[in-house]
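User: I would like to learn how to read the side-chain packing of a protein model, beginning with the rings. Could you take me through one?

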Amino acid sequence: MPSSPDKRIVFDLDDTLYLERDFAYSGFAAVGEWIGKRHGVEGFAGVCRCLFDNAHRRRIFDEALQQCRLSNRQNVGELVSVYRGHKPDIALCPDAARYLDDHEGPFALITDGPERTQRSKIAALGIAGHFDAIIPTGQWPDGFGKPHRRAFDEIATTAGGRQCVYVGDNALKDFVTPNRMGWLTVQIQRPGRVHDAPPPDTDHAAQAQIASLDQLDAVLSEI
């Protein structure tokens, strides 16, 4: 099925096309294996995952090192490096796979986070062929991540007169800039998503909400 020929559809990555939680679990497993080899301590990944599932999502490695009595033997920076650099074991959400496979595209992608990490996710998901423009904002110096408009401006130049649409998950940063630029904005609210804070004001709110990309075509015909 062709995507709307009059629309330039641009996706976010984390919690939009796959669950960011799965990347965290994959990273914890990689770090746990590394800890096992370095210190002979088992169960580190399970401690991290338990902390994450209980919304203890800041300083997870500090807390896990303390619980495993490794605080004085292991620095956090090495663990962050292993986490960010590991080969992720992740998969597209089923509705995202259906949407990308059933629509011709090509689409565009704007994603925050370290460039190497985000490109590893894209490779693991095997989705690069669906996009003619991929912008990991981490390829630029600090300060150009969303909601900075640099990435949106670059994509807008490729629209060729089509209406741009941004599909993302995080109301704190994903929609305020494309809203101001006259784009259509759609928030996907997946169960299990990491960022579920409400928009701080109407400027940050998406123009439509969906629970699955199976609903995207219908909602784009209405807004």
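**Rings, cores and contacts**

Analyst: Lys121 lies over the face of Phe23, with 4.4 Å to the ring centre, and please keep in mind that this is a predicted model.

User: How many aromatic pairs does the structure hold, and how is the geometry of a pair read?

Analyst: The structure holds 14 aromatic pairs. In one of them, Phe23 and Tyr83 are edge-to-face, with 5.3 Å from centre to centre and 80 degrees between the planes. This pair links distant parts of the chain, since Phe23 belongs to helix H1 (residues 20–39) and Tyr83 to helix H4 (residues 76–85), 60 residues apart. Both Phe23 and Tyr83 are buried.

User: Why is the pair of Phe28 and Phe61 classed as it is, and which helices does it link?

Analyst: Planes over 60 degrees apart count as edge-to-face; the planes of Phe28 and Phe61 stand at 85 degrees, with the ring centres 6.2 Å apart, so the pair is edge-to-face. Here too distant parts of the chain are linked, with Phe28 in helix H1 and Phe61 in helix H3 (residues 60–67), 33 residues apart. Phe28 has a relative accessible area of 4% and is therefore buried, and Phe61, at 9% relative accessibility, counts as buried as well. These rings also belong to one aromatic cluster, formed by Phe23, Tyr25, Phe28, Phe44, Phe52, Phe61 and Tyr83.

User: What can be said about the largest nonpolar core?

Analyst: As a general idea, nonpolar side chains in soluble globular proteins tend to be buried together. In this model the largest nonpolar core has 50 residues, and those with the most contacts inside it are Phe11, Leu17, Phe28, Phe44, Phe61, Leu213 and Leu216. Helix H1 supplies the largest share of this core, namely six residues. A second, separate core has 15 residues, including Trp140, Phe152, Ile155 and Ala206.

User: Is Thr117 buried or exposed, and what is it in contact with beyond its sequence neighbours?

Analyst: Thr117, which has its place in helix H6 (residues 115–125), counts as buried because its relative accessibility is 5%. Leaving aside neighbours within four places in sequence, Thr117 is in contact with Phe23 and Arg84. A polar atom of the Thr117 side chain lies 2.9 Å from the backbone oxygen of Arg84.

User: Where is Gln189 found, and which residues is it in contact with away from its sequence neighbours?

Analyst: Gln189 is found in the loop between strand E5 (184–188) and strand E6 (208–210), and at 32% relative accessibility it counts as partly exposed. Its contacts, again leaving aside neighbours within four places in sequence, are with Gln209, Ile210 and Ala211. The C-alpha atoms of Gln189 and Ala211 are 5.0 Å apart, although the two residues are 22 apart in sequence. The side chain of Gln189 is also joined to that of Gln187 by a polar contact of 3.2 Å.

Note on methods
Residues numbered from 1 in each chain as written. Predicted model: local features only at pLDDT ≥ 70, side-chain atom pairs only at ≥ 80, totals over all residues. Heavy atoms only, no water. Phe/Tyr/Trp six-rings, centres within 6.5 Å; stacked < 30°, edge-to-face > 60°. Helix = DSSP H or I, 4+ residues; strand = E, 2+ residues; numbered from the N terminus. Buried < 20%, exposed > 50% of the residue type's maximum accessible area, 1.4 Å probe, protein only. Lys NZ or Arg CZ within 6 Å of the ring centre and 35° of its normal. Core = buried A, V, L, I, M, F, W, Y, C linked by side-chain atoms within 4.5 Å. Polar contact = N/O pair within 3.5 Å; in protein donor to acceptor, adjacent residues only side chain to side chain. Contact = heavy atoms within 4.5 Å.
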